[in-house]
Amino acid sequence: MSGHECCENPPNYLSGGGGGAGHVQQLGGFNCYLSGPVDSTQAVILVSDVFDKVAEAGFYVVVPDFLRGDPRIPNDEKPLEVWIIDHGPDQGFEDAKPVIEALKSKGVTKIGAAGFCWGAKVVMELAKYAYIQAAVQLHPSFVAVDDMHAVKVPISILGAEIDRRSPPELVKQFEMALNAKPEVDAFVKIFPGVTHGWSVRYDDEDELAVKSAEESHQDMLGWFEKHLK
């Protein structure tokens, strides 16, 4: 289950990692952060963090508010076990469908999705039913080995060496399950010395953390460029 690591040390979106280039607009019935060329036929849905780096690569980027204005924040008085009842990944999966249809109505022909922590399970479900053409999971939560057996689209899994939710042993099991499906292109990587949430929640003063986060962003972009363009 997702925990406090994904709520700590949020990146400064106004310097480097994102921010400033996009806008918020209704799409598929949800407030969405939109960025990138509006005439692009390739789109990437991020669940649920903002990176304008993806837009700079030529993708139309969509970040829906699947949490409906009620994100999990540090020191929240509401226990995580209570919060998650109204914010399950299964609901995120259902919410993603109208957003995907709205993108298709705009002329988008190829859609990728990247899920961070909680969002990885949402992307997992989209990949199992081929609602998208490429998937990336970063420090996933709620994902199981059985999910891998049902994947139908190219998938990249980027894990952390220090992660109670998806420890390296589990990520390696993901890799073994995917290797048994040669018809599905897959890439699995474990980043050394980083913790759960490292790709989006890191200390800007920590050189290793910044380098690892940037490397994960490049891996994500490379996967989408390979399978969507």
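This passage describes the predicted model of a protein chain, from its overall make-up to selected side-chain arrangements.

The chain has 229 residues, and 53% of them count as buried. Its secondary structure comes to 8 helices and 8 strands. Contacts reach across the sequence. Among those between residues at least 6 apart, 64% join residues at least 24 apart. The search for disulfides gave 0. Cys 32 is buried, with a relative accessible area of 0%. Cys 117 is also buried, at 3%.

Confidence was examined next. The mean pLDDT of the chain is 87, and 87% of the residues score at least 70. The elements of the chain span a range. Helix α7, residues 168-179, has the highest mean pLDDT, 98. Helix α1, residues 13-17, has the lowest, 39. Over residues 7-20 the pLDDT is below 50. This stretch still has 30 contacts in the model beyond near neighbours in sequence. Where pLDDT is low, the predicted coordinates should not be read in detail.

Aromatic rings were then considered. A pair of aromatic rings is described by the distance of the centres and the angle of the planes. The whole structure contains 6 aromatic pairs. One of them joins Phe 30 and Phe 66, with ring centres 5.5 Å apart and planes at 90°. Planes over 60 degrees apart count as edge-to-face, so this pair is edge-to-face. Phe 30 belongs to strand β2, residues 30-35. Phe 66 belongs to the loop between β4 (60-64) and α3 (80-83). The pair therefore ties together parts that are 36 residues apart in sequence. Both partners are shielded by the cut-off for burial, which is under 20% relative accessible area. Phe 30 is buried at 8%, and Phe 66 is buried at 6%.

A second pair consists of Phe 191 and Trp 198. Their ring centres lie 4.8 Å apart, and their planes meet at 40°. Stacked pairs have planes under 30 degrees apart and edge-to-face pairs over 60. Phe 191 is buried, with a relative accessibility of 2%. Trp 198 is buried too, at 3%.

Other rings form a group. Phe 93, Tyr 129 and Tyr 131 are linked by ring pairs into a cluster. A ring can also face a charge. The charged end of Lys 229 sits over the ring of Phe 59, at 4.7 Å from the ring centre.

Asp 147 lies in helix α6, residues 145-149. Its relative accessible area is 6%, so Asp 147 counts as buried. Two lysines meet its side chain. The side chain of Lys 121 makes a polar contact with that of Asp 147 at 3.0 Å. The side chain of Lys 128 makes a polar contact with that of Asp 147, at 3.0 Å. Residues up to four places away in sequence aside, Asp 147 touches Lys 121, Met 124, Glu 125, Lys 128 and Phe 142. The buried Asp 147 thus has both lysines among its contacts.

Notes: Residues are numbered from 1 along each chain as its sequence is written. This is a predicted model: local features need pLDDT of at least 70, side-chain atom pairs count only at pLDDT 80 or more; totals for chains, interfaces and linings use all residues. Side-chain values use heavy atoms; hydrogens and water are left out. Rings of Phe, Tyr and Trp (its six-membered ring) pair if their centres lie within 6.5 Å; planes under 30 degrees apart count as stacked, over 60 as edge-to-face and the rest as tilted. Helices (H or I, at least four residues) and strands (E, at least two) are DSSP runs, numbered from the N terminus. Buried means under 20% relative accessible area, exposed over 50%, partly exposed in between (1.4 Å probe, protein chains only). A charge sits over a ring if NZ of Lys or CZ of Arg is within 6 Å of the ring centre and within 35 degrees of the ring normal. A polar contact is a pair of N or O atoms within 3.5 Å; within protein, one must be able to donate a hydrogen and the other to accept it, and residues adjacent in sequence count only if both atoms are side-chain atoms. Contact means heavy atoms within 4.5 Å. pLDDT is the predictor's confidence in each residue, from 0 to 100. A disulfide is a pair of cysteine sulfur atoms within 2.5 Å.
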